[in-house]
Amino acid sequence: MNGLRGKRAVVVGASRGLGAALARRLAAEGAAVALVARSRERAAEVARSIGATGARAIAVGGDAARYADMQRAMAECGARLGRADILVNNAAVIEPIARFVETDPAAWAENIGVTLLGAYHAARAFLADGAAAGRVIVNVSSGAAHQPLEGWSAYCAAKAGLHMLTLALAAELGEQGLRVYGYAPGLVDTAMQETIRASGINPISRKRRDELAPADEPARIIAYLCTGEASDLAGRELDFRDASLRRRAGAPALE
Ligand code: NAP
C-alpha cells in the first residue's frame with residue numbers, strides 16, 4: 001500500500017464520485033494529494049477525511065474550463081505539497097443530454113470546455129515547466145469515446161477528443177519519460193449516473209444501479225496506473241474489461 005510514497009498527485013474533479021474515491025486511493029498508496037473541483041468546500045470535506053487517516057491532502061477550488069484556474073491549482077499544489085508528479089484529469093460533465101437537434105449550443109460548448117479543454121488546461125499547466133521525465137498523466141476516458149450514444153453528442157465528441165489528446169501527449173512526450181494513460185472505467189455508481197438514469201434517453205440510462213461498479217474499483221486501477229509498475233502500459237488507452245490489468249491492480253475479476 002505504498003507504491004506512491006513521496007509522490008504528489010493532483011486530481012481534477014475530486015469533490016465526489018470517482019475523483020473522490022481516487023484521491024482516497026492515491027493517499028492510501030502514500031501520495032500527497034491536491035483535490036481540485038469547482039465546489040471547494042466539498043473537496044475540502046474529502047481532503048479532511050483523507051487527512052484524518054494521516055495522509056496529506058489539500059483542496060483547491062477551480063474550474064477546469066478556465067486555464068487560469070488550472071495554473072493557480074498547480075501553483076498552489078507546488079507551494080503547499082511540492083511540484084506535482086501525477087495529474088489525473090477526471091473532471092467531466094454529461095450534459096447536455098438531448099437529441100442533437102434539440103441541443104443548446106452554449107451547453108454543448110460548455111461540455112467541450114470542461115470534458116476536453118479542461119483536461120488540456122490542466123495538462124498544459126502541469127507541464128508548464130517542460131519537465132516530463134518520471135511524471136504521469138491519466139485521462140479518465142469513457143466507452144463514449146469510441147461508441148456513439150443517442151443524446152450524448154457533446155460528451156461523446158469530448159471524450160473522443162480526450163482519447164486523441166492522450167495519444168498526442170504520449171507521442172510527443174513519451175520518449176522524454178512522461179507516462180500518459182487513458183482509462184475507461186465502465187459504468188460507475190456516481191452522481192453522473194443518477195443524472196443519466198433520470199434522462200431515460202439511451203440504453204445506458206436504463207441500467208439498474210446494482211449493475212454499476214463501486215467507485216473504489218476504477219479508483220484502484222487508476223492508482224495502479226500511476227505507479228511505476230504500470231510503465232509497460234504507458235501511451236495507451238486502457239479499459240475496465242482488461243482482465244490482466246484488473247489482476248495486476250488487485251481489482252476483482254468481472255463475471
Ligand atoms: P461526477 O459524479 O459527476 O463527478 C464529477 C467531478 O468532476 C466532481 O467532483 C465535479 O465537482 C468535478 N467537475 C465537474 N466539472 C468541473 C469543472 N468544470 N472543473 C473542475 N471540476 C469539475 O462524475 P463521475 O461519474 O465520478 O465521473 C468521473 C469521471 O469518470 C468523468 O471523467 C466521467 O466522464 C468518467 N466516467 C464516468 C462513468 C460513470 O459511469 N460514472 C463512466 C465512464 C466514464 P464540481 O461539480 O464541484 O466541480
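Analyst: A polar contact is a pair of N or O atoms within 3.5 Å; within protein, one atom must be able to donate a hydrogen and the other to accept it, and residues adjacent in sequence count only if both atoms are side-chain atoms. The model is predicted: local features need pLDDT of at least 70, side-chain atom pairs count only at pLDDT 80 or more, and totals for chains, interfaces and linings use all residues. Residues are numbered from 1 along each chain as its sequence is written, and side-chain values use heavy atoms, with hydrogens and water left out.

A polar side-chain atom of Arg38 lies 2.8 Å from an oxygen atom of the ligand. The backbone also takes part: a polar backbone atom of Ala64 is 2.8 Å from a nitrogen atom of the ligand, and a polar backbone atom of Asn90 is 2.8 Å from an oxygen atom of the ligand. On its own the ligand has 880 Å² of accessible area, of which the protein covers 96%; such areas come from the Shrake-Rupley method with a 1.4 Å probe, and for residues only the protein chains shown count as cover.

Helices (H or I, at least four residues) and strands (E, at least two) are DSSP runs, numbered from the N terminus.

Nine of its 12 residues are buried, so H1 is largely enclosed by the rest of the structure; buried means under 20% relative accessible area, exposed over 50%, and partly exposed in between (1.4 Å probe, protein chains only). The buried residues of H1 are Leu18, Gly19, Ala20, Ala21, Leu22, Ala23, Arg25, Leu26 and Ala27. At 1.5 Å a residue, the 12 residues of H1 should span 16 Å, and the end C-alpha atoms are 17 Å apart, which agrees; the expected span is 1.5 Å times one less than the number of residues.
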